Amino acid sequence: MVLLAILAVVAGFKFYWKTETGRIAKVAQVAKAPSAIYTRLKIAYDKPPIFEEEYRMQDVNGASTYDYRIRTYDGKQVTITDPTHAMYDVSFFFGKLVQDGVWKLMDQPPRGNTAIHYTVYVKQQVDYQQGDRTITFTDPHYWATTAGRQFQIDLSKQSPQDLLKMQSTQLADPRYEAVVNDFLAFGPPSFRERIAKLRAELHAPRL
């Protein structure tokens, strides 16, 4: 009986030790897994004075950085940036993008104000897996409010009398404008104020 009890204790200890060490190893692996978020909004203009604006945010293993870059048609380029800091500005911002549907956006053809072009890029790496998307469109307000409806006609199944009863799909999608506004509203007031001042200076007529 004593021998059986000893064997049972040894077997139980080995099983427990193997299970616990395996669990601890998995936790350690997850803790060491690289975590990275990258987001960008590029706005390109067909007419001067501004040629391109770009908002860039990233968070790598908890360290957030972000900047704003603007270029003019006459070749001037200015970048506004904040130093790297161990905060969660970009992580919270990315969560807002996801909540507003950034992963569900699709490329759209030129509509509305077609002189301004938007490109949204997002990339996430977590738990040794990653995904990214690039979406292009014009006039986010148009796509959010007045994109209209899309009708589908199957002439093999419908008679002319049924055309007035066709089902349609609403194309207007507020997520385009919401995502763009998320970028434009990002950062502390001092960061946004510097951007607004710079844009006003570059838009001002030259004497």
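**A chat about the fold and its aromatic pairs**

Modeller: The protein chain has five helices and eight strands, and this is a predicted model.

Colleague: Nice. In what order do the elements run from the N terminus on?

Modeller: The order is α-β-β-β-β-α-β-β-α-β-β-α-α.

Colleague: And how much of the protein chain is buried?

Modeller: Of its 207 residues, 29% are buried. The protein chain exposes about 13,600 Å², and carbon and sulfur atoms supply 59% of that.

Colleague: What share of the contacts join residues at least 24 apart?

Modeller: That share is 57%, counted among contacts between residues at least 6 apart in sequence.

Colleague: Let's change topic to the aromatic rings. How many aromatic pairs are there?

Modeller: The count is 11 aromatic pairs. One of them joins Tyr118 and Phe137, with 5.7 Å centre to centre and 5 degrees between the planes, and this pair is stacked.

Colleague: Where do Tyr118 and Phe137 lie?

Modeller: Tyr118 lies in strand 5 (residues 116–126) and Phe137 in strand 6 (residues 129–138), so their pair ties together parts that are 19 residues apart in sequence.

Colleague: Is Tyr118 buried or exposed?

Modeller: Tyr118 is buried, at a relative accessible area of 13%. Phe137 counts as buried too, with 2% relative accessibility.

Colleague: Why is the pair of Phe137 and Tyr176 called edge-to-face?

Modeller: The planes of Phe137 and Tyr176 stand at 75 degrees, with the ring centres 5.0 Å apart, so the pair is edge-to-face. The cut-off for that label is over 60 degrees.

Colleague: Which elements does that pair tie together?

Modeller: Phe137 is in strand 6 and Tyr176 is in helix 4 (residues 175–184), so this pair ties together parts that are 39 residues apart in sequence. Both Phe137 and Tyr176 are buried.

Colleague: Which residues do ring pairs link into a cluster?

Modeller: That cluster holds Tyr66, Phe93, Phe183, Phe186 and Phe191.

Colleague: Back to the strands, then. In what sense do strand 5 and strand 6 pair?

Modeller: They pair in the antiparallel sense, over 10 bridges. Among the partners, Val126 is bridged to Gln129 in strand 6.

Colleague: How many residues sit between the strands of that hairpin?

Modeller: The hairpin of strand 5 and strand 6 has two residues between the strands, and Asp127 takes a positive phi near 50 degrees there.

Colleague: One last thing: what do side chains do along a regular strand?

Modeller: As a general point, they alternate between the two faces of the sheet.

How values were computed: Residues numbered from 1 in each chain as written. Predicted model: local features only at pLDDT ≥ 70, side-chain atom pairs only at ≥ 80, totals over all residues. Heavy atoms only, no water. Helix = DSSP H or I, 4+ residues; strand = E, 2+ residues; numbered from the N terminus. Buried < 20%, exposed > 50% of the residue type's maximum accessible area, 1.4 Å probe, protein only. Contact = heavy atoms within 4.5 Å. Areas by Shrake-Rupley, 256 points an atom, 1.4 Å probe, with all protein chains shown as cover. Phe/Tyr/Trp six-rings, centres within 6.5 Å; stacked < 30°, edge-to-face > 60°. Pairing = 2+ DSSP bridges.
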